[in-house]
Amino acid sequence: MKESSASAIVINEADNVGLAVKDLKTGDSIAISVDGTERTVTLKNDIKFLHKFALTDIKSGDKILKYGQVIGGATRDIAAGEHVHTHNIKSLRGQYSRSKARSEGK
Amino acid sequence: MQLYGYRRPDGRVGFRNHVLILPTAICSASVAEKIAQLVPGTTWANNNTGCCLLGEDIDIYRRTIVNTAGHPNVAATLIIGLGCETISAAMAAAEIEKFGKPVRHLAIQTDGGVRKTIEKGVILAKELLAYASKSKREPASVSDLIVGLECGGSDPASGITANPATGAAVDRVIDEGGSAILGETDEWIGAEMILTSRAKTKAIARDTLRLVRRFERHVKAHGSNLSDGQPTRGNQAAGLSTIEEKSLGCISKLGSREISEVLEYSEIPTKKGAILLDTPGFDVTSVVGIIAGGCQVMVFTTGLGTPVGNPIAPVIKVSSNSLTYERMKDAIDINAGTILEGKETIAGVGNRIYAMILRVLSGEMPKAEQLGQIQYGIWRATTEL
């Protein structure tokens with residue numbers, strides 16, 4: 001773990017999402033310190049225990065990084081402090097495309 | 001701590017001394033269960049299949065029942081068949097004999113029906129129990145050990161508490177000459193490059209990627225998205241959004257040492273060290289495939305809490321967070337949620353897991369064993385005919 005405050009952690013300095021380690025409320029100011037650099041993220045949604053929130057503004061199509069690794073792509077723009085979950089990111093693996101399968105005659 | 005185990009004829013060491021009642025089809029499972037109930041001290045493994053199997057599944061199925069009976073925690077086996085199933089009790093017994101341990105078999109269709117088979121089975125089971133009772137424990141070491149690894153009902157804490165703490169214990173086991181097996185192939189997806197970077201040879205890296213691609217192909221061949229079932233509904237409610245996120249947490253159970261072998265479901269390792277074995281993410285069938293490989297004990301991490309155990313090897317349960325531990329204390333042995341609260345380190349919980357592994361090998365019953373949790377199901381890769 002790179003850094004922690006009492007309410008949230010950032011696992012790797014490359015990450016663009018943080019992890020709530022208790023239930024957090026809209027408007028909460030979360031102090032994040034990554035490798036000694038302090039910054040504050042104001043939450044735009046309630047974030048439940050162990051759920052993710054954006055540390056920076058993320059554009060639709062951008063990669064989501066946790067553990068310093070790609071965990072998916074943003075399906076729409078996500079503002080810093082927003083809840084990051086299945087409603088705005090998706091897996092980049094094992095996705096079956098019905099339209100692609102049709103065009104290939106399967 | 002000096003370990004003592006049962007050295008079996010094939011050289012592997014068991015830390016339990018089971019007489020196993022093993023059905024060769026779902027059709028004979030209730031008879032096997034009845035015999036196990038009538039002969040206290042025996043155990044039994046359920047059967048969810050056994051008939052109308054296709055090629056790939058025949059291999060998986062045969063290997064699983066044979067290697068489950070051959071497992072070093074098993075002293076002797078009584079096989080209960082129906083008669084017409086894909087692999088009959090006699091066929092299974094012929095293969096299991098290679099392990100050099102006593103094996104007996106009955107079939108309902110040729111041994112006089114249900115009641116007669118139960119009567120005969122009780123007599124045979126008692127004989128095998130008397131045989132097993134004469135087994136002696138001899139000095140053994142961590143180098144005789146294979147630790148199975150599993151996670152079930154994962155949450156986002158699993159990947160930063162329970163799983164890396166298990167990985168720390170696994171590193172200690174491997175450094176002392178032992179082994180550990182990681183399964184759940186669909187939970188390598190998105191993290192496979194971390195695994196391949198640890199592969200001892202290029203062939204091992206290639207095999208790792210081959211298993212991952214095969215899994216993805218299977219999913220797509222059914223016109224499905226992996227995300228239809230992974231992460232599970234429960235994983236998602238807990239906060240895991242994608243399979244990549246789940247995988248990156250999952251693989252930390254295998255610690256950090258070089259990967260020495262890649263195996264198919266239920267295969268027995270030929271190498272020591274960190275080993276990958278092809279299983280699905282579904283925990284019960286995954287546990288069965290990993291333990292069939294010869295793991296004498298399993299460490300099973302959980303975020304949401306699960307009672308799942310196994311009839312062959314004791315299962316140590318580690319929770320990723322304190323809420324789950326408090327809610328399900330009766331089924332969970334170790335709480336790694338203390339890492340999240342800053343009360344313990346990953347290494348500290350890893351040491352507790354390592355110490356418990358040794359105690360369980362020496363006879364201590366973890367919660368799943370105390371509760372009689374012996375879920376057993378065999379993976380089906382294709383379809384039923």
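These exercises, each with a worked solution, walk through a predicted model.

**Exercise 1. Describe the overall build of chain B, from its elements to its extent.**

Solution. 
- Start with the elements. Chain B holds 13 helices and 14 strands.
- Next, take the extent. Along the principal axes, the C-alpha atoms of chain B fill a box of roughly 60 × 50 × 40 Å.
- Then test the radius of gyration. A compact globule of 385 residues would have a value near 21 Å. Chain B has 20 Å, which agrees.
- Now look at burial. Of the 385 residues of chain B, 59% count as buried.
- Finish with the contacts in chain B between residues at least 6 apart in sequence. Of these, 71% join residues at least 24 apart.

**Exercise 2. Work out which parts of chain B touch chain A.**

Solution. 
- Count the residues on each side. Chain A gives 23 residues to the contact, and chain B gives 24 residues.
- Find the helices on the chain B side. α7 (202-221), α8 (233-238) and α9 (243-250) of chain B each supply at least two residues.
- Pick out the main contributor. α9(B) gives the most to this side, with 4 residues.
- Sort the chain B side by class. There are 10 nonpolar, 9 polar and 5 charged residues.

**Exercise 3. Trace the open sheet of chain A formed by β7, β8 and β10, and find what packs on it.**

Solution. 
- Set the order. The 3 strands run β7-β8-β10 in chain A, with antiparallel pairing.
- Identify the edges. β7 (63-66) and β10 (89-90) of chain A each have a single partner strand, so one side of each lacks a neighbour in the sheet.
- Look at one pair. β8 (residues 69-74) of chain A and β10(A) are joined over 2 bridges in the antiparallel sense.
- Name a bridge. Gly73(A) has Lys90(A) in β10(A) as its bridge partner.
- Cross to the other chain. α9(B) packs on the sheet and touches β7 and β8 of chain A. The direction of α9(B) makes about 165° with that of β8(A).

**Exercise 4. Describe the surroundings of Gly73(A).**

Solution. 
- Gly73(A) lies in strand β8 of chain A.
- Gly73(A) has 17 other C-beta atoms within 10 Å, so it is partly exposed.
- List its contacts, leaving aside neighbours within four places in sequence. They are Gly61(A), Asp62(A), Lys63(A), Ile64(A), Ile89(A), Lys90(A) and Leu92(A).
- Check one distance. Gly73(A) and Ile89(A) are 16 residues apart along the chain, yet their C-alpha atoms are separated by 5.3 Å.

**Exercise 5. Examine the backbone at Leu50(A), Glu184(B) and Pro231(B).**

Solution. 
- Take Leu50(A). Its phi is positive, about 75°, although Leu50(A) is not a glycine. Leu50(A) sits in the loop between β5 (37-42) and β6 (52-54) of chain A.
- Decide whether Leu50(A) is buried or exposed. A buried residue has 20 or more other C-beta atoms within 10 Å. Leu50(A) has 23, so it is buried.
- Take Glu184(B). Phi is near 60° here, again a positive value in a residue other than glycine. Glu184(B) is in the loop between β9 (179-182) and α6 (192-196) of chain B.
- Apply the burial test to Glu184(B). It has 31 other C-beta atoms within 10 Å, so Glu184(B) is buried.
- End with Pro231(B). A cis peptide bond joins Gln230(B) to Pro231(B), with omega about -5°. Pro231(B) lies in the loop between α7 and α8 of chain B.

Methods. Residues are numbered from 1 along each chain as its sequence is written. Chains are lettered from A and ligands numbered from 1 in the order in which they are written. This is a predicted model: local features need pLDDT of at least 70, side-chain atom pairs count only at pLDDT 80 or more; totals for chains, interfaces and linings use all residues. Two residues are in contact if their C-beta atoms, placed from the backbone, lie within 7 Å. Ala, Val, Leu, Ile, Met, Phe, Trp, Tyr, Cys and Pro count as nonpolar, Asp, Glu, Lys and Arg as charged, and the others, Gly among them, as polar. Two strands pair if DSSP finds at least two bridges between them. Axes are lines fitted to C-alpha atoms, for helices over the stretch in contact, and angles run from 0 to 180 degrees between N-to-C directions. The radius of gyration is taken over C-alpha atoms; the globule rule is 2.2 Å times the number of residues to the power 0.38. A residue is buried if 20 or more other C-beta atoms lie within 10 Å of its own, exposed if 12 or fewer, and partly exposed in between; C-beta atoms are placed from the backbone.
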